[in-house]
Amino acid sequence: MKVLLLGEIVGRCGIGVIKKALKTYRQNNGVDLVIANGEGATSGYGLGFQNALSIHHMGVDVLTMGEKSFFKLDMVEGIAKRSSILRPANYPETVPGRGIRYMNVGDTKVCIINTLGMFSFSNNPHLNNPFLSAEAMAEKAKSETPVVIYIFHAAASAEKLAMGHLLNGKVSIMAGTHCKVLTADASILDGGTAFISDLGRCGASVSVGGFEPEHEIRKFRTQVLTRSHESWEKPQMQGVLVEIDEKTGKAISITPVIEDVQVEMPAQKTEQGN
């Protein structure tokens with residue numbers, strides 16, 4: 001089984017990347033399942049429900065979320081209607097939506113788990129400690145299927161590395177999201193788990209997290225929040241392609257994905273973000 005895991009989709013440029021590149025890449029590489037982070041798809045801050053539906057129709061099977069899960073009000077109600085959108089599983093059980101999904105990919109049952117880290121989030125919802133539940137969730141999933149994919153939305157590389165080693169041999173894939181920078185540590189751990197600290201981003205690669213550098217620099221210099229502006233410079237689709245042995249659940253290979261994509265910028269750019 002081939003699983004394509006994509007980095008955070010950022011703004012209209014990121015959605016344009018998915019629209020332009022995903023279908024062809026999926027066909028050319030025999031991809032069976034596509035998972036992407038949708039945290040920043042709507043103006044870079046959260047995911048609107050209609051954008052989620054559009055991205056799903058473009059070929060993304062599962063969208064994972066993080067600390068911005070409910071930044072868009074329509075997602076509070078909408079997330080419960082779509083099993084293809086995963087909020088972090090360590091939210092309280094009474095919160096709308098789900099953080100774990102079982103689905104059939106061809107003849108194989110797959111479990112996808114999504115959790116949120118604890119450190120360095122300015123708007124952290126302070127969820128339950130994921131390290132206390134990760135092994136139990138993986139063990140339960142393993143009782144259903146050998147193919148278990150764990151997505152960890154966390155800011156600290158050390159936190160994601162620790163989770164990778166904790167789940168080594170217990171899941172098929174442990175992939176980090178949030179930092180929007182494709183890391184150079186893609187590997188298969190000795191327990192057969194494919195690992196990467198961060199899947200990067202789908203959107204402008206020449207940017208600050210998908211936004212024009214000028215305005216982000218001003219924020220750091222002045223400490224005054226101003227509106228961010230989407231960047232459209234050198235759009236890319238970033239992530240990893242992982243091949244999994246469906247019988248054992250162990251990863252066979254992990255390959256970084258960096259695809260340059262031609263995306264047309266709208267005639268008029270509008271201010272986005274904070």
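How many disulfides does the chain contain, counting a disulfide as a pair of cysteine sulfur atoms within 2.5 Å? The count comes to zero. This is a predicted model, in which local features need pLDDT of at least 70 and side-chain atom pairs count only at pLDDT 80 or more, while totals for chains, interfaces and linings use all residues. Residues are numbered from 1 along each chain as its sequence is written, and side-chain values use heavy atoms, leaving out hydrogens and water.

**Cysteines**
- The closest cysteine sulfur to that of Cys-179 belongs to Cys-202, at 15 Å, which is too far for a bond.
- For Cys-202, the closest cysteine sulfur is that of Cys-13, at 9.8 Å, again too far for a bond.
- Cys-202 is buried at 0% relative accessibility, where buried means under 20% relative accessible area, exposed over 50% and partly exposed in between (1.4 Å probe, protein chains only).
- Cys-179, at 32% relative accessibility, is partly exposed.

**Overall fold**
- The chain has six helices and 14 strands, taken as DSSP runs numbered from the N terminus (helices: H or I, at least four residues; strands: E, at least two).
- Of its 274 residues, 56% count as buried.
- Along its principal axes, the C-alpha trace spans about 50 × 40 × 35 Å.

**Helix α6**
- Helix α6 covers residues 213–222, and its buried residues are His-215, Glu-216 and Lys-219.
- Viewed down the axis of α6, these buried residues fall within an arc of 100° (the arc of the directions from the helix axis to the C-beta atoms), so they line one face of the helix.
- The face turned away from the buried side carries the exposed residues Glu-214, Phe-220 and Arg-221.
- Gln-223, which follows α6, has a positive phi near 65°.

Technical notes. Disulfide = S-S within 2.5 Å.
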